[in-house]
Each structure stands twice: as structure tokens, then as C-alpha cells.
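Colleague: I would like to go through the features of this model one at a time. Please give the rule for each before the case.

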Amino acid sequence: MDLSDAYANAAHIEGAADYPPRWSAAAEVFRGEMQAAGRLRSLSYGEGERQALDLFLPEGTPRGLVVFVHGGYWLKFDRSVWSHLAAGPLAQGWAVAMPSYDLCPDVRISEITRQIAAAVTVAAGEVAGPLRLTGHSAGGHLVARMLAPGLLPAAVAERIAGVVPISPLSNLAPLMQTDMNAGLKLDAAEAEAESPIHQPAPRVPVTVWVGGDERPVFLDQARWLGEAWSGGDCDVVIDPGLHHFNVIDGLAEASSPLCRAVTGD
């Protein structure tokens, strides 16, 4: 199998090039509306320019905090592309934090994991109540990593009420055989250490979400995580008819099955 092609989502999605500008445009409009309403705060969680997050606030006292971590194979994008996906949890009364992070090859994936742990910790300090983590693709990997023992401060980890990795990368070993590894610089030791399938099954409820029309390797990655964490409370949901780029759309709709899975409603 040509693993570079197997993990190349855009090459197998019709109109793939239209998605990033569409996301960015929707996010810009949404962010402007939230700024005008005084319901958007930007916070630093580290020293680097990209070590910052947007915190979207609902009307009234938040029920808790949802953290969304974006994807892009740890190589591209930032928080500004995804702001509109906060709409669903916000409508349900949740605050939503969206962090950016440094990208490969400037840093390694293990450093990105540490950055997201810092982002979750800072965001949790701003909003009381339960924490619910979700992320897409590489972001799905990163929120799954937050369940590794000792990665988050105990007081933060104890507040996690649920995690929804969307189309996550749970086993990084195959990525060493892709062209992307020129930027990721994964070696065998880091691939194993950073693969959620090698973590203990968490006690926190986890729902792994993946589109039914995704590349076969992403269906495999989702199933592998479900199998690895079968000793805990972990389900795998295959959302029929959706591919890697539109599987996240439900986050923008409060009544969608995906949004309800994220918020626990």
C-alpha cells in the first residue's frame, strides 16, 4: 500500500480545495459577530505567538467548557479557521476554547502535545464546571493524548467529563512511511510514545467519531482506538455519508448528533 496516498484526504475529496477558504470565511464572520457581542476573548497559554487560544462565551453563565483542537496533520492551520464550529456548543450554553499551536517541523509532535496540555489548563482556569474535549484529525490525536496519565494537572484531569476524537490519528507508526514525515520527523520511539493506542484505557467516556466515506486508513485509525480502549467507556460512531472534510460540520449545529455527543446532551 502507498501510505502517502492512503493518508492523502484532499486527493480523494471532490472540491477539496474549496473547503479551507469556505471554513475561513465562515469563521471570520462568526468571530466578528462574537467580538461585536463582547463574547470573544483571546488568551496566551505560552510564550510563542501561536501559543494562544480564543475563548468564546455563551450568553449567561457557562455550563462548562468545550475545547476544540484543530487538525492539519500538525503541519498547517490555526484556530482562526474553525471559529464557526463553536456555534453548536455555544447555543447549548457551553463556553468554547480553540487553541492554536506551533507546527511541525518547527517543533515535534511531542511538543505540540505539551502545548495543548498547557492550553487546556489555561482555558480550564477561565471557566468553571465540566470539561469536554474534542478535536479533528491531528486534533483528535491531541485530545486523546490529554487522557494519558499525568499529562494534565490532576485538578484539570478530574474535570474532564467526556472526549470526542473526530477522525483521530491514534497510531502514528504508519505516518513514518508517508511523504509527510519529511516535516513530521517521526521516529519509532516518538511514534509509539505519541500514539493514543498505547495509553491505558481511560475512565472518562470517549466517543470516537469518523465519517463513513473517509479514507479506509481513517476508519482503521478510529477502530484501532476503540479496540485499544475497549476496557474503558469507549464507543466508535461511523457517521454515514461523510468524508474527512465535512464530518466536522455538525459541530456548528446544536441539535446535531455530533454536537450532542461532544456536550453530552
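Modeller: Start with charges over rings: a charge sits over a ring if NZ of Lys or CZ of Arg is within 6 Å of the ring centre and within 35 degrees of the ring normal. Here Arg22 lies over the face of Tyr19, 4.6 Å from the ring centre. The model is predicted, so local features need pLDDT of at least 70 and side-chain atom pairs count only at pLDDT 80 or more, while totals for chains, interfaces and linings use all residues. Residues are numbered from 1 along each chain as its sequence is written, and side-chain values use heavy atoms, with hydrogens and water left out.

Colleague: How many aromatic pairs does the rule give?

Modeller: Rings of Phe, Tyr and Trp (its six-membered ring) pair if their centres lie within 6.5 Å; planes under 30 degrees apart are stacked, over 60 edge-to-face, and the rest tilted. The count comes to 11 aromatic pairs. One of them joins Tyr19 and Phe245, with ring centres 5.5 Å apart and planes at 65°, so this pair is edge-to-face.

Colleague: Which parts of the chain does the pair of Tyr19 and Phe245 tie together?

Modeller: Helices (H or I, at least four residues) and strands (E, at least two) are DSSP runs, numbered from the N terminus. Tyr19 belongs to helix 2 (residues 19–36) and Phe245 to the loop between strand 8 (234–239) and helix 10 (257–263), so the pair ties together parts 226 residues apart in sequence. Ring pairs also link Tyr19, Trp23, Phe68, Phe77, Trp82 and Phe245 into a cluster.

Colleague: Are Tyr19 and Phe245 buried or exposed?

Modeller: Buried means under 20% relative accessible area, exposed over 50%, and partly exposed in between (1.4 Å probe, protein chains only). Both Tyr19 and Phe245 are buried. Another pair, Phe30 with Phe56, is tilted, at 5.7 Å centre to centre and 55° between the planes. This pair links distant parts of the chain, 26 residues apart: Phe30 is in helix 2 and Phe56 in strand 2 (residues 52–56). Phe30 counts as buried because its relative accessibility is 13%, and Phe56 counts as buried at 0%.

Colleague: How many disulfides does the structure hold?

Modeller: A disulfide is a pair of cysteine sulfur atoms within 2.5 Å. The structure holds zero. For Cys234, the closest cysteine sulfur is that of Cys259, 20 Å away, which is too far for a bond. Cys234 is buried at 14% relative accessibility, and Cys259 is buried with a relative accessible area of 0%.

Colleague: What should I look for in the backbone?

Modeller: Most residues other than glycine have a negative phi, and most peptide bonds are trans. In this model the peptide bond from Cys104 to Pro105 is cis, with omega near 5°. Pro105 is placed in the loop between strand 4 and helix 4 (109–124).

Colleague: Where does Trp74 lie?

Modeller: Trp74 lies in the loop between strand 3 and helix 3 (87–91). Its phi is positive, about 60°, although Trp74 is not a glycine, and the residue is buried, with a relative accessible area of 0%. Ser167, also not a glycine, has a positive phi of about 45°. Ser167 lies in the loop between strand 6 (160–166) and helix 7 (181–184), and counts as buried at 0% relative accessibility.
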